[in-house]
Amino acid sequence: MSRAVAPSALLTLVGVWACDNNQGGAVVNSPPAAEITEPAEGSSVLAGGDVQLRGVVSDTNHSVNELQVSWFGGARELCIPGPPGGDGTSLCSATLFEGEGEIRLEVVDPNGAVATDSISLALVG
C-alpha cells in the first residue's frame with residue numbers, strides 16, 4: 001500500500017535541507033586596489049630633495065577608512081602608515097636618497113588582503 005505525502009511536508013523537508021546546505025559557507029574577501037597617480041613612472045627627482053607622492057586606493061567590500069596605506073622607497077618606509085582620505089587618496093611627502101627610486105604603495109584591508117602598485121623614479125643630483 002502506498003502513502004501519499006502532503007505537499008506541505010515535502011516543502012518542509014526541502015526547506016530544512018536548504019538551510020542545512022547553507023551552513024559553513026565561505027566568506028569571500030575581495031582584494032583592495034592601489035594606484036600611484038603622481039609622480040609619473042620614470043620621472044626625475046632630486047636625490048635628497050622632497051617629492052610628493054599621491055595614490056588612490058579602494059576596496060569593493062570595505063570602506064576606505066578601514067584600509068591601511070603604506071609608502072616605501074626601496075626598503076625604507078617613507079610615511080607613517082594610516083588610512084587614506086575619504087575619497088581614497090593617499091598623500092606622502094618624502095625625501096628620497098640614493099637607492100630609493102623604487103616607490104611602492106601598499107594597501108591592506110581589515111581581512112589582510114594586500115594590493116600594491118609601484119613606479120621607478122630616476123634620482124638625480
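Strands, as the term is used here, are DSSP runs of E of at least two residues, numbered from the N terminus. With that numbering, the hairpin of strand 7 and strand 8 can be located: 5 residues lie between the two strands, and G112 in this hairpin adopts a positive phi near 90°.

The average pLDDT of the protein chain is 86, and 80% of the residues reach a score of at least 70. Residues 7–22, however, have a pLDDT below 50, and this stretch makes 1 contact in the model beyond near neighbours in sequence. Where pLDDT is low, the predicted coordinates should not be read in detail.

The secondary structure of the protein chain consists of 1 helix and 9 strands. Read from the N terminus, the order of elements is α-β-β-β-β-β-β-β-β-β. Of the 125 residues in the protein chain, 33% count as buried. Among contacts between residues at least 6 apart in sequence, 62% join residues at least 24 apart.

One part of the fold is an open sheet of 4 strands, arranged in the order 5-4-7-8 with antiparallel pairing.

G73 is buried, with a relative accessible area of 0%. Leaving out residues up to four places away in sequence, G73 touches L78, E100, E102 and I103. G73 and R104 are separated by 31 residues in sequence, yet their C-alpha atoms are 6.6 Å apart in space. R104 in turn lies over the face of F72, at 4.2 Å from the ring centre. As for rings facing other rings, a search of the whole structure finds 0 aromatic pairs.

Further pairings involve strand 3 (50–58). Strand 1 (33–38) pairs with strand 3 in the antiparallel sense over 5 bridges, and A34 stands opposite V57 in strand 3. Strand 3 also pairs with strand 6, likewise antiparallel, over 7 bridges. Here D50 has T95 of strand 6 as its bridge partner. In a regular strand the side chains alternate between the two faces of the sheet.

P39 lies in the loop between strand 1 and strand 2 (44–46), and the peptide bond leading from E38 to P39 is cis, with omega near -5°. H62 is found in the loop between strand 3 and strand 4. Is H62 buried or exposed? Its relative accessible area is 13%, and residues under 20% count as buried, so H62 is buried. Apart from neighbours within four places in sequence, H62 is in contact with N29, L67, D109, P110 and N111. H62 and S30, which are 32 residues apart in sequence, have their C-alpha atoms 8.9 Å apart in space.

Finally, the structure contains 1 disulfide. A disulfide is a covalent bond between the sulfur atoms of two cysteines. The cysteines concerned are C79 and C92, whose sulfur atoms are 1.8 Å apart. C79 lies in the loop between strand 5 and strand 6 (89–95), and C92 lies in strand 6, so the pair ties together parts that are 13 residues apart in sequence. The torsion about the S-S bond is about 85°, so the disulfide is right-handed. Both C79 and C92 are buried.

Key
Residues are numbered from 1 along each chain as its sequence is written. Side-chain values use heavy atoms; hydrogens and water are left out. Rings of Phe, Tyr and Trp (its six-membered ring) pair if their centres lie within 6.5 Å; planes under 30 degrees apart count as stacked, over 60 as edge-to-face and the rest as tilted. A charge sits over a ring if NZ of Lys or CZ of Arg is within 6 Å of the ring centre and within 35 degrees of the ring normal. Two strands pair if DSSP finds at least two bridges between them. A disulfide is a pair of cysteine sulfur atoms within 2.5 Å. Buried means under 20% relative accessible area, exposed over 50%, partly exposed in between (1.4 Å probe, protein chains only). pLDDT is the predictor's confidence in each residue, from 0 to 100. Contact means heavy atoms within 4.5 Å.
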